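Student: Could we go through a protein model together? I would like to begin with a single pair of residues.

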Amino acid sequence: MLSIISGCCKIGQRLSGTELGPATILKKLIDLKLLREEYNLYHVPHHDFHDAGFQKLYNYSAQTKDDVLTLGGDHSIGLPTVLASAYKWKHNTKVVWVDAHTDINTFESSPTGNLHGMPVSPLFSLMNPWFKTLDNQYYLNSSQLVYIGVRSIDKEELKIIEQLGIKMFRNVDVFKRGITDILKEIVAESNDQTCFHLSFDIDSLDRKYAPSTGTVEDHGLSLDNGLEIVHTLVDTGKLRSYDLVEYNPQIGSNEEKLLTLDTCIHLLQPYLAKY
């Protein structure tokens, strides 16, 4: 069964609107009759993230036996969702982090202080999570996370990634090698016990596919690239948790907002079709 979590978070960055992303996406799914009655829905409202929102999201994700789809919200929600996956699957966890940015700053290294640029660092115990984890929380080793689509990285982040030895496929790698070859490499490193967690920031896509997001970067992945990532992981039968984040329905013209919403729906459909 599938649990769908609305993580209506905006406090990880400074723009209003990301907290409206989950409701906007869910309404579209309902209109398209893609939201089944059997799905379990869990809502974490935006005002909760000033207090216990991250805690609620983590606790629910860690304790449910369902597979999970989490709709953001900004990418700071990737910390509780991935830590929840790591709590459940331990060394069998494999995170595919699709993003224009690496999100591995710490409070000391971050030039902005925005939490949505830091969710990866606590996964490797580089800083403490901003909520309480359950007993026996498992933290990742460097082989358990891979980046796809990176094209904006701070100097200190690059140092951290190189020190840890985290595998990173930049946008230029996708353009040169092709996404199919990269995904074959990632899947080949999995085994029968692997549980994939896909954390997908729509700013990984080029602006012509997803203009309504807060940190747009040029020369991004194509929508076909994004769809192939989702389809490939779904087809393994091992994709157990999926975050889709950083859609902001308050950014852009009406046409741009609808275009970005359609992109989100396309990216969700292969996963929803499993259930």
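**Strand partners and overall form**

Tutor: Trp-97 has Tyr-147 in β5 as its bridge partner. The model is predicted, so to speak of local features a pLDDT of at least 70 is needed, side-chain atom pairs count only at pLDDT 80 or more, and totals for chains, interfaces and linings use all residues. Residues are numbered from 1 along each chain as its sequence is written, and side-chain values use heavy atoms, with hydrogens and water left out.

Student: In which sense do β4 and β5 pair, and over how many bridges?

Tutor: Strand β4 (residues 93-98) pairs with β5 in the parallel sense, over 4 bridges. Two strands pair if DSSP finds at least two bridges between them.

Student: And what stands opposite Tyr-147 in β6?

Tutor: That residue is Met-168. Strand β6 (residues 167-170) and β5 are parallel too, with 4 bridges.

Student: How many residues of β5 are buried?

Tutor: In β5 (residues 145-150), 6 of 6 residues are buried, that is, under 20% relative accessible area with a 1.4 Å probe, protein chains only. Across the 275 residues of the protein, 57% count as buried.

Student: New topic: how many helices and strands are there?

Tutor: There are 8 helices and 8 strands, where helices (H or I, at least four residues) and strands (E, at least two) are DSSP runs numbered from the N terminus. The protein is as compact as a globular protein of 275 residues, because its radius of gyration of 17 Å is close to the 19 Å of the globule rule. The radius is taken over C-alpha atoms, and the rule is 2.2 Å times the number of residues to the power 0.38.

Definitions and conventions
Buried means under 20% relative accessible area, exposed over 50%, partly exposed in between (1.4 Å probe, protein chains only).
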